[in-house]
Amino acid sequence: MTRTVYVNGEYLPENEATVSIFDRGFLMADGVYEVTTVLDGKLIDFDGHAVRLQRSLDELEMQAACSKDELLEIHRQLVERNGIVEGLVYLQVTRGSDGDRDFVFPSADTKPTIVLFTQNKPGLADNPAAKKGAKIISIEDIRWGRRDIKTVQLLYPSMGKMMAKKAGCDDAWLVEDGHVTEGTSNNAYLVKDGKIVTRPLSTDILHGITRKAVLRMAAEAQMEIEERLFTIDEAKEADEAFVTSASAFVMPVVEIDGVALGNGTPGPIATRLREIYLDESRKAAI
Ligand code: PLP
């Protein structure tokens, strides 16, 4: 099926949508993005994504392409026009193009490029992978130092996923100075003696929208949370582990670098948090 996508003010069939070859997103990875999940045809945590998008734009001194209300309308239009019940809305804003290539930013009145499209993912919430749990390898974190900005510079995370696949695993955790920063496209947690441990927010990691929601829900469920650095060795000795992201929700981790966690199956805390998160998010979806 040909999707309807949104490009710079227009809804178009995907094969008619175009962006300049001089676009800064294409030439310089000078762009930011968001991925919002759709469940039951509704948007999960739209507000959180809109706020983080604005923060990313501000940090890079980039113009917003449209208002938050317009953004919500575009998301809803695309979900409806493409008949998405379970899936994702991808949004990208770049610094646009002034018709040439230059390291220097184009003038401030250059129009940003905005592109949105949907991805249909039936069965996203009921993903069988969550019942099996994910196998993780650890790799060195060699990304740039502003990982709190959600830029489209995704080559290293993409390479990390490929390294994991080659090793027969599902994903990679990134390690800097012996401490886990995060997953290639998710935030990382371990559970030891009933306590959830995750790295505190800083410029070292993306401030996950799902992370924020899950930590709030865990606190409401009287679970103990410790935000501190942890090593990959500590993670291997944990009772359980998991990752969070908008599209994976809460995904249990059952193996790290070939070491099984607990009995090698999804742990009770990760499993419970996934249920709570899906339940609460569906209720609050718009
Ligand atoms: N960390 C990284 C590096 C990511 O790319 C992502 C999501 O793409 C996350 C964490 C999770 O963020 P969110 O929960 O907002 O999807």
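Predicted model: local features only at pLDDT ≥ 70, side-chain atom pairs only at ≥ 80, totals over all residues.
**Figure 1. Polar atoms facing ligand oxygens.** Arginine 52 places a polar side-chain atom 2.8 Å from an oxygen atom of the ligand. Threonine 210 also uses its side chain: an N or O atom there is 2.6 Å from a ligand oxygen atom. Alanine 246 contributes through its backbone, with a polar atom 2.8 Å from an oxygen atom of the ligand. Taken alone, the ligand exposes 390 Å². The protein buries 92% of that area.

**Figure 2. The ligand pocket and the elements around the ligand.** The ligand takes up the space of the largest pocket.

**Figure 3. A stacked tyrosine pair.** Six aromatic pairs turn up in a search of the whole structure. One of them joins tyrosine 33 and tyrosine 90. The pair is stacked, at 5.7 Å centre to centre and 25° between the planes. Tyrosine 33 belongs to strand E3 (residues 31-39), and tyrosine 90 to strand E5 (residues 87-94), so the pair ties together parts that lie 57 residues apart in sequence.

Methods
Residues numbered from 1 in each chain as written. Heavy atoms only, no water. Polar contact = N/O pair within 3.5 Å; in protein donor to acceptor, adjacent residues only side chain to side chain. Areas by Shrake-Rupley, 256 points an atom, 1.4 Å probe, with all protein chains shown as cover. 1 Å grid on protein atoms, 1.4 Å probe; cavity = no way out; pocket = protein on both sides within 12 Å on 5 of 7 lines; lining within 4 Å. Sits in = over half its atoms within 2 Å of the grid points. Phe/Tyr/Trp six-rings, centres within 6.5 Å; stacked < 30°, edge-to-face > 60°. Helix = DSSP H or I, 4+ residues; strand = E, 2+ residues; numbered from the N terminus.
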